[in-house]
Amino acid sequence: MNNEHQTFEIKTQDGNVNFRTGTLHPPVKSTNLSVSGLINAPAEFFNKKIYGEFAHNDMLVTYDLDSGVVVFQDNVVNDAGSSKITGKLSAFRDLDKLGINQDQKYTTQQLSDKLKMSSSLFSDRTECMKLVSSLRNFSAKIGHDMSEMNDTKGNKMNTMVQSVKTDFDLNFVLSCQIFAGVQEKKKFKVEIHCDVRDKALELWMESMELKEIIDEEKEKIIRNVLVPFQEAGVPIVQIG
(Lines give C-alpha, C1' and ligand atoms only; values in the text may rest on other atoms or scores of the structure.)
Protein backbone atom coordinates (compact mmCIF):
# COMPACT_ATOMS: atom_id res chain seq x y z
CA MET A 1 0.00 0.00 0.00
CA ASN A 2 1.43 3.37 -0.93
CA ASN A 3 1.08 6.49 1.12
CA GLU A 4 -0.73 8.44 -1.52
CA HIS A 5 -3.94 10.10 -0.40
CA GLN A 6 -7.06 9.17 -2.28
CA THR A 7 -10.20 11.26 -2.34
CA PHE A 8 -13.70 9.83 -2.88
CA GLU A 9 -16.65 12.05 -3.71
CA ILE A 10 -20.08 10.55 -3.10
CA LYS A 11 -23.22 12.42 -4.01
CA THR A 12 -26.70 11.41 -2.89
CA GLN A 13 -30.10 12.93 -3.43
CA ASP A 14 -30.67 13.93 0.20
CA GLY A 15 -27.05 14.67 1.05
CA ASN A 16 -26.77 11.93 3.68
CA VAL A 17 -24.29 9.04 3.47
CA ASN A 18 -24.41 5.98 5.75
CA PHE A 19 -21.47 3.49 5.81
CA ARG A 20 -22.06 0.01 7.30
CA THR A 21 -19.27 -2.55 7.50
CA GLY A 22 -18.59 -5.86 9.21
CA THR A 23 -21.30 -7.94 10.82
CA LEU A 24 -23.65 -5.26 12.09
CA HIS A 25 -27.35 -6.11 12.44
CA PRO A 26 -29.60 -5.03 9.58
CA PRO A 27 -30.84 -1.45 9.92
CA VAL A 28 -34.03 -1.01 11.90
CA LYS A 29 -36.95 0.06 9.74
CA SER A 30 -39.15 2.85 11.02
CA THR A 31 -42.80 1.96 11.65
CA ASN A 32 -45.87 4.07 12.19
CA LEU A 33 -48.33 3.57 15.05
CA SER A 34 -51.99 4.46 14.62
CA VAL A 35 -54.47 3.88 17.45
CA SER A 36 -58.04 5.05 18.07
CA GLY A 37 -59.62 5.15 21.50
CA LEU A 38 -61.73 7.16 23.94
CA ILE A 39 -61.45 10.94 24.10
CA ASN A 40 -58.69 10.81 26.76
CA ALA A 41 -56.45 8.48 24.70
CA PRO A 42 -54.21 11.19 23.14
CA ALA A 43 -53.46 12.85 26.50
CA GLU A 44 -52.88 9.52 28.27
CA PHE A 45 -50.41 8.42 25.58
CA PHE A 46 -48.59 11.76 25.66
CA ASN A 47 -48.35 11.82 29.47
CA LYS A 48 -46.91 8.29 29.71
CA LYS A 49 -44.42 8.34 26.84
CA ILE A 50 -40.94 9.81 27.52
CA TYR A 51 -39.78 12.25 24.87
CA GLY A 52 -36.44 13.94 24.31
CA GLU A 53 -35.76 17.59 25.06
CA PHE A 54 -36.67 18.91 21.62
CA ALA A 55 -39.19 16.23 20.58
CA HIS A 56 -42.14 18.61 20.96
CA ASN A 57 -40.93 20.46 17.87
CA ASP A 58 -42.09 17.52 15.76
CA MET A 59 -45.55 17.16 17.37
CA LEU A 60 -48.98 18.34 16.34
CA VAL A 61 -52.45 18.18 17.90
CA THR A 62 -55.62 18.76 15.88
CA TYR A 63 -59.16 18.82 17.21
CA ASP A 64 -62.70 19.06 15.87
CA LEU A 65 -65.39 20.37 18.24
CA ASP A 66 -68.22 19.41 15.89
CA SER A 67 -67.29 15.73 15.64
CA GLY A 68 -65.69 15.53 19.11
CA VAL A 69 -62.28 14.27 17.93
CA VAL A 70 -58.74 15.00 19.17
CA VAL A 71 -55.70 13.69 17.25
CA PHE A 72 -52.10 13.69 18.56
CA GLN A 73 -49.16 13.03 16.20
CA ASP A 74 -45.42 12.97 16.79
CA ASN A 75 -42.54 12.95 14.30
CA VAL A 76 -44.72 14.78 11.80
CA VAL A 77 -41.76 16.41 9.98
CA ASN A 78 -39.37 13.46 9.62
CA ASP A 79 -39.37 9.81 8.60
CA ALA A 80 -38.26 8.32 11.92
CA GLY A 81 -41.59 6.60 12.50
CA SER A 82 -44.59 8.37 13.93
CA SER A 83 -47.43 7.83 16.38
CA LYS A 84 -50.99 8.92 15.64
CA ILE A 85 -53.41 8.65 18.57
CA THR A 86 -57.05 9.53 17.92
CA GLY A 87 -59.52 10.19 20.72
CA LYS A 88 -63.25 10.18 19.99
CA LEU A 89 -65.93 11.59 22.30
CA SER A 90 -68.68 8.97 22.18
CA ALA A 91 -71.88 8.40 24.13
CA PHE A 92 -71.93 6.21 27.24
CA ARG A 93 -73.01 2.85 25.83
CA ASP A 94 -75.77 1.97 28.33
CA LEU A 95 -77.36 5.40 27.89
CA ASP A 96 -77.02 5.33 24.12
CA LYS A 97 -78.89 2.00 23.97
CA LEU A 98 -82.06 3.69 25.25
CA GLY A 99 -82.32 5.70 22.04
CA ILE A 100 -83.29 8.97 23.74
CA ASN A 101 -83.58 11.83 21.20
CA GLN A 102 -82.86 9.34 18.43
CA ASP A 103 -86.39 8.88 17.08
CA GLN A 104 -86.25 5.24 18.16
CA LYS A 105 -89.78 3.79 18.43
CA TYR A 106 -90.98 1.10 20.85
CA THR A 107 -94.04 -0.92 21.66
CA THR A 108 -95.08 -0.82 25.30
CA GLN A 109 -93.52 -4.23 25.96
CA GLN A 110 -90.28 -3.30 24.24
CA LEU A 111 -89.90 -0.06 26.20
CA SER A 112 -90.79 -1.73 29.49
CA ASP A 113 -88.14 -4.40 28.94
CA LYS A 114 -85.57 -1.80 27.86
CA LEU A 115 -86.14 0.32 30.98
CA LYS A 116 -85.98 -2.70 33.30
CA MET A 117 -82.61 -3.68 31.83
CA SER A 118 -81.41 -0.09 32.28
CA SER A 119 -82.38 0.29 35.96
CA SER A 120 -78.73 1.06 36.86
CA LEU A 121 -79.14 4.43 35.13
CA PHE A 122 -81.74 5.49 37.70
CA SER A 123 -80.56 7.07 40.97
CA ASP A 124 -83.20 4.91 42.69
CA ARG A 125 -84.01 1.57 41.06
CA THR A 126 -87.45 1.46 42.71
CA GLU A 127 -88.33 4.49 40.56
CA CYS A 128 -87.57 2.40 37.50
CA MET A 129 -90.02 -0.31 38.54
CA LYS A 130 -92.71 2.29 39.32
CA LEU A 131 -92.25 3.71 35.83
CA VAL A 132 -92.52 0.27 34.21
CA SER A 133 -95.72 -0.41 36.18
CA SER A 134 -97.21 2.96 35.22
CA LEU A 135 -96.29 2.38 31.59
CA ARG A 136 -98.04 -0.99 31.51
CA ASN A 137 -101.16 0.37 33.22
CA PHE A 138 -101.26 3.21 30.71
CA SER A 139 -101.00 0.75 27.82
CA ALA A 140 -103.77 -1.42 29.25
CA LYS A 141 -106.04 1.61 29.61
CA ILE A 142 -105.36 2.72 26.05
CA GLY A 143 -106.01 -0.77 24.72
CA HIS A 144 -109.33 -0.94 26.55
CA ASP A 145 -110.47 2.49 25.36
CA MET A 146 -109.47 1.83 21.76
CA SER A 147 -111.45 -1.41 21.71
CA GLU A 148 -114.59 0.48 22.75
CA MET A 149 -114.21 3.32 20.27
CA ASN A 150 -116.58 3.38 17.31
CA ASP A 151 -114.50 5.96 15.46
CA THR A 152 -111.04 4.48 14.89
CA LYS A 153 -109.67 7.33 12.76
CA GLY A 154 -106.13 8.35 13.62
CA ASN A 155 -106.87 11.87 14.82
CA LYS A 156 -109.67 10.71 17.10
CA MET A 157 -107.55 7.96 18.63
CA ASN A 158 -104.54 10.20 19.16
CA THR A 159 -106.70 12.77 20.92
CA MET A 160 -107.93 10.03 23.24
CA VAL A 161 -104.38 8.78 23.90
CA GLN A 162 -103.10 12.23 24.83
CA SER A 163 -106.07 12.72 27.13
CA VAL A 164 -105.48 9.43 28.94
CA LYS A 165 -101.74 10.11 29.20
CA THR A 166 -102.34 13.02 31.56
CA ASP A 167 -103.53 10.51 34.20
CA PHE A 168 -100.21 8.67 34.19
CA ASP A 169 -96.74 9.86 35.17
CA LEU A 170 -94.57 8.84 32.23
CA ASN A 171 -91.72 11.24 32.93
CA PHE A 172 -88.61 10.08 34.77
CA VAL A 173 -85.14 11.20 35.85
CA LEU A 174 -81.88 9.44 35.02
CA SER A 175 -78.54 9.90 36.80
CA CYS A 176 -75.64 8.46 34.81
CA GLN A 177 -72.53 9.01 32.73
CA ILE A 178 -73.12 10.89 29.50
CA PHE A 179 -69.89 10.10 27.64
CA ALA A 180 -67.72 6.98 27.50
CA GLY A 181 -64.54 7.41 29.53
CA VAL A 182 -65.92 10.41 31.45
CA GLN A 183 -66.94 9.18 34.89
CA GLU A 184 -68.92 12.23 36.04
CA LYS A 185 -72.67 11.55 36.34
CA LYS A 186 -75.40 14.00 35.36
CA LYS A 187 -79.10 14.13 36.21
CA PHE A 188 -81.66 14.88 33.53
CA LYS A 189 -85.39 14.53 32.91
CA VAL A 190 -86.76 12.23 30.20
CA GLU A 191 -90.27 12.31 28.72
CA ILE A 192 -92.07 9.38 27.12
CA HIS A 193 -94.15 10.41 24.11
CA CYS A 194 -96.73 8.29 22.35
CA ASP A 195 -98.79 8.08 19.22
CA VAL A 196 -101.17 5.61 17.57
CA ARG A 197 -100.07 4.05 14.30
CA ASP A 198 -102.06 1.31 12.60
CA LYS A 199 -104.20 0.98 15.76
CA ALA A 200 -101.08 0.21 17.82
CA LEU A 201 -99.45 2.34 20.50
CA GLU A 202 -96.02 3.66 19.53
CA LEU A 203 -93.66 5.21 22.11
CA TRP A 204 -90.38 7.12 22.06
CA MET A 205 -88.26 9.16 24.49
CA GLU A 206 -87.07 12.75 24.39
CA SER A 207 -84.99 14.88 26.75
CA MET A 208 -84.18 18.54 26.21
CA GLU A 209 -82.09 18.48 29.39
CA LEU A 210 -79.89 15.70 28.01
CA LYS A 211 -79.38 17.62 24.75
CA GLU A 212 -78.37 20.73 26.69
CA ILE A 213 -75.91 18.75 28.82
CA ILE A 214 -74.30 17.21 25.73
CA ASP A 215 -73.98 20.61 24.04
CA GLU A 216 -72.44 22.21 27.14
CA GLU A 217 -70.12 19.39 28.19
CA LYS A 218 -68.77 18.45 24.76
CA GLU A 219 -66.52 21.48 24.31
CA LYS A 220 -65.52 21.52 28.00
CA ILE A 221 -64.29 17.90 27.85
CA ILE A 222 -62.28 18.46 24.67
CA ARG A 223 -60.69 21.61 26.12
CA ASN A 224 -59.60 19.62 29.17
CA VAL A 225 -57.98 16.98 26.95
CA LEU A 226 -55.91 19.71 25.29
CA VAL A 227 -54.48 21.08 28.56
CA PRO A 228 -51.33 18.86 28.82
CA PHE A 229 -50.42 19.69 25.22
CA GLN A 230 -50.88 23.39 25.83
CA GLU A 231 -48.69 23.24 28.93
CA ALA A 232 -45.94 21.42 26.99
CA GLY A 233 -46.02 23.91 24.12
CA VAL A 234 -47.21 21.42 21.50
CA PRO A 235 -48.79 23.15 18.46
CA ILE A 236 -52.59 22.81 18.48
CA VAL A 237 -54.83 23.40 15.47
CA GLN A 238 -58.64 23.49 15.38
CA ILE A 239 -60.06 21.94 12.22
CA GLY A 240 -63.76 22.04 13.00
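**Entry: Ser112.** I began with the neighbours of Ser112: leaving out residues up to four places away in sequence, Ser112 touches Val132, Leu135 and Arg136, where contact means heavy atoms within 4.5 Å. I then looked up where Ser112 sits, and its place is in helix 3. Ser112 is buried, with a relative accessible area of 0%; buried means under 20%, exposed over 50%, and partly exposed in between, with a 1.4 Å probe and protein chains only.

**Entry: ground rules.** I noted that this is a predicted model, where local features need pLDDT of at least 70, side-chain atom pairs count only at pLDDT 80 or more, and totals for chains, interfaces and linings use all residues. Residues are numbered from 1 along each chain as its sequence is written, and side-chain values use heavy atoms, with hydrogens and water left out.

**Entry: the whole chain.** I found 6 helices and 8 strands in the protein chain; these are DSSP runs numbered from the N terminus, helices being H or I of at least four residues and strands E of at least two. From the N terminus on, I read the order as β-α-β-β-β-α-α-α-α-β-β-β-α-β. Of the 240 residues, 36% count as buried.

Entry: Which strands make the open sheet, and in what order? I found 3 strands in the order 5-6-7, with antiparallel pairing; two strands pair if DSSP finds at least two bridges between them. Strand 5 (171–177) and strand 7 (200–206) are the edges, each pairing on one side only. From one strand to the next, the twist averages 35 degrees; axes are lines fitted to C-alpha atoms, for helices over the stretch in contact, and angles run from 0 to 180 degrees between N-to-C directions. I also looked at strand 6 (residues 185–197), which 7 bridges join to strand 7. There, Cys194 has Leu203 of strand 7 as its bridge partner.

**Entry: helices on the sheet.** Helix 6 (residues 208–232) lies across strand 6 and strand 7, at about 135 degrees to strand 6.

Entry: How many cavities of 30 Å³ or more turn up in the whole structure? My search gave 1; a cavity is a set of points on a 1 Å grid over the protein atoms alone where a 1.4 Å probe fits but cannot get out. The largest cavity holds about 50 Å³ of space, a volume being the space filled by probe spheres set on the points, which are joined across faces, edges and corners. I listed its lining residues, which have an atom within 4 Å of a point: Ile178, Phe179, Val182, Glu184, Lys186, Glu217 and Ile221.

Notes: 1 Å grid on protein atoms, 1.4 Å probe; cavity = no way out; pocket = protein on both sides within 12 Å on 5 of 7 lines; lining within 4 Å.
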